[in-house]
Amino acid sequence: MSHALIIELNMVVGNALSKRLSDLGFDSFDHVWTEDDAVAIAEMRPPDLILVGDNLETGDAVGAARRICEKHDVPVLMVTADSVRAKKRLMDGAVIDGPFAFSKFPEAIEAAKEQPQRLVPDWRSFGR
C-alpha cells in the first residue's frame, strides 16, 4: 500500500498526478490546498511520497514539505512548469535532481525515493 500527499491548488493538475501515481501502484491520495492542511494531514496519515506543486491557497508547498520532513522521512517530488520560480523557492544548499520530462515521471519518483529529504523537480516539459 502506497500513499501520496499532493500539495497543489490546481485540481486538474492534482487529478492528473493522482491518475499517474495510481498507474504506478499508489492506491491512496490526499490532496491539499494549504500549507497548514498539508502538515496536519501528514500527521494523521504519513505519506510515502509528497508531490509539491506550484500554487497553494495559503502558505507555501515547499515549506509544507520541509515541515513534514522534519518529522517523517518522506521523498519529495516537485512538479512544476516554472523551473526559474522553483529554483527561487528552494533554500540555498538544497540538493535537487532533474529536470525530468513528464514522460519520465516513474524515473523522477525513483530518484525521490532513493534520496529522501531531497527535493526532486519534475519540470513538465512536454515538448522535450
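Select Ala 38 and show its neighbours: leaving out residues up to four places away in sequence, Ala 38 touches Leu 5, Ile 7, Val 32, Ala 64 and Ile 68 (a contact means heavy atoms within 4.5 Å). Before going on, note that this is a predicted model, where local features need pLDDT of at least 70 and side-chain atom pairs count only at pLDDT 80 or more, while totals for chains, interfaces and linings use all residues. Numbering starts from 1 along each chain as its sequence is written, and side-chain values use heavy atoms, with hydrogens and water left out.

Buried means under 20% relative accessible area, exposed means over 50%, and partly exposed is in between (1.4 Å probe, protein chains only).

Helices (H or I, at least four residues) and strands (E, at least two) are DSSP runs, numbered from the N terminus.

**Stop two: the Arg 67 network**

Select Glu 35, Asp 36 and Arg 67, which are linked in a network of salt bridges. The rule is a side-chain nitrogen of Lys or Arg within 4 Å of a carboxyl oxygen of Asp or Glu. For Glu 35 and Arg 67, the closest N and O atoms are 3.1 Å apart. Glu 35 sits in helix α2 and Arg 67 in helix α3, so this pair ties together parts 32 residues apart in sequence. Glu 35 is buried, at 15% relative accessible area, whereas Arg 67 is partly exposed at 33%. Asp 36 also bridges to Arg 67, again with closest N and O atoms 3.1 Å apart.

**Stop three: along α1**

Finish with Lys 19 and Asp 23, another salt bridge, where the closest N and O atoms are 2.9 Å apart. Both lie in helix α1, four residues apart, about one turn of the helix. Asp 23 is partly exposed at 49% relative accessibility, and Lys 19 is exposed at 51%.
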